[in-house]
Amino acid sequence: MAAQLLPLAEYERFRTHEIDEACAKVGSVFSPHRLRLVEHGARLDAYMNAVTFDRIGLYCIGYGAEVLITSDTSDSCFFVEIPLVGIAEVSRDREHIVATPQRASVLSPEVGKYMRWAAGTCQLVTTLDRSELEAHLGRMLGRQVHRPLVFSLGMDLLRPSVRSWLSIVDLLRGEAERGGGLLAQPLAFKQLEELLMTQLLLAQPSNYTPALLGEQLRVAPPTVKRALDLIEAHAAEPLTTADIAEAVGVGARALQEGFRRHLSATPMTYLRDVRLDRVRAELTVGAPRTSTVTDIAFHWGFVHLGRFSLAYRQRFGETPSETLYR
């Protein structure tokens, strides 16, 4: 794949023909491993482009030639590796898959790995910080996580729930490649990171999937009331369902069930409505020359401007711009 066509081309970390240099540079970012050429005398053309955020990272990696990669354990990150071109054999313990553009591999910490990348393979790798993801899992469950989180090795990229996860990855990648303003909005960006983690935990089978999908304790109305008060008081902050549930002392699924039963809504729907009200208040007093709909929407955590405009019009009967200019 030509350099100018590689994902994240503006964020090149290295390009080398030296196998020791490639192994050291990739290992310094991920974890120590062993790298060798399958065919003696083959020409290595290794590269890595990367953009990193608070809790996740996006990487484009290739080696040109066919290579073998082995590692014992990695304690810091989970990896979702998606072949954009080519294939990769991936093994851990007794699991073995062939990763393709339709099937990714999900690598968990504390598990040894063996990988064989075919010549010309280019992979888009998403990393998720282990401590952050396991803490997020705990918030979703409403309890502390004691056992390490381990995902199934193969990820079917054609499943609807996984495609939803991929759309979030694509949004982050697109924002990075275009220099989008979303990355400069802490509230909106934290929500995307939280959504990426939530969707991965729900979409990809793991040893915690039964607990995530199981029955939760019912939430009493006083708990729902505390959640409503929290949303009203902190609507300008990066709030997720897991954050709210943790603050009021229940699991995320239990909180969602309580909102559904008593309000016929979800915590995020209620938060969206509160934020729409706050946006309207700002637009009402704003001056068109000094205020923009985009800035105000991003400030209140609305990532998709098209969806924001539709929700605003459905709620108030006019567009955000009409409110501002009126």
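Visitor: What makes Thr241, Ala242, Ile244, Ala245 and Val248 in helix 7 count as meeting Ala252, Leu255 and Gln256 in helix 8?

Guide: Contact means heavy atoms within 4.5 Å. In this predicted model, those residues of helix 7 and helix 8 meet by that rule. By class, the contact has 6 nonpolar, 2 polar and no charged residues.

Visitor: Why is helix 7 called roughly perpendicular to helix 8?

Guide: Helix 7 covers residues 241-248 and helix 8 covers residues 252-263. They pack at an angle of about 95°, with their axes 8 Å apart. Angles of 65 to 115 degrees count as roughly perpendicular. Therefore helix 7 is roughly perpendicular to helix 8.

Visitor: What makes helix 6 roughly perpendicular to helix 8?

Guide: The axes of helix 6 (residues 221-233) and helix 8 cross at roughly 100° and come within 10 Å. The range for the term is 65 to 115 degrees, so helix 6 is roughly perpendicular to helix 8.

Visitor: Which residues make the contact of helix 6 with helix 8?

Guide: Helix 6 brings Pro221, Val224, Ala227, Leu228 and Ile231. Helix 8 brings Leu255, Gly258, Phe259, His262 and Leu263. The classes are 8 nonpolar, 2 polar and no charged. Gly counts as polar here, and Gly258 is one of the residues of helix 8 in this contact.

Visitor: How do you know that strand 2 and strand 5 pair?

Guide: Two strands pair if there are at least two bridges between them. Strand 2 and strand 5 (residues 67-71) have 4 bridges, in the antiparallel sense. Therefore they qualify as paired. Arginine 36 stands opposite leucine 68 in strand 5.

Visitor: Why are strand 2 and strand 8 placed at the edges?

Guide: The open sheet has 5 strands in the order 2-5-10-7-8, with antiparallel pairing. Strand 2 (34-37) and strand 8 (95-99) each have a single partner strand, so one side of each is left without a neighbour in the sheet. From one strand to the next, the twist averages 15°.

Visitor: What makes the largest cavity a cavity?

Guide: A cavity is a set of points where a 1.4 Å probe fits but cannot get out. The structure holds 1 cavity of 30 Å³ or more. The largest cavity has a volume of about 190 Å³. It is lined by 16 residues, and Val26, Phe30, Ile69, Glu81 and Met115 are the closest to its centre.

Visitor: Which elements give two or more residues to the lining of the largest cavity?

Guide: Strand 5, strand 6 (77-85) and strand 10 (113-117) do. Strand 10 gives the most, with 3 residues. The lining has 10 nonpolar, 4 polar and 2 charged residues.

Visitor: Which helix gives the most to the lining of the largest pocket?

Guide: Helix 4 does, with 6 residues. Several helices supply at least two residues each, among them helix 2 (130-141), helix 3 (160-178), helix 9 (267-285) and helix 11 (305-316). The lining divides into 18 nonpolar, 10 polar and 5 charged residues.

Notes
Residues numbered from 1 in each chain as written. Predicted model: local features only at pLDDT ≥ 70, side-chain atom pairs only at ≥ 80, totals over all residues. Heavy atoms only, no water. Axes fitted to C-alpha atoms, helices over the stretch in contact; angles between N-to-C directions. Parallel < 35°, antiparallel > 145°, perpendicular 65-115°, else oblique. 1 Å grid on protein atoms, 1.4 Å probe; cavity = no way out; pocket = protein on both sides within 12 Å on 5 of 7 lines; lining within 4 Å. Points joined across faces, edges and corners; volume = space filled by probe spheres on them.
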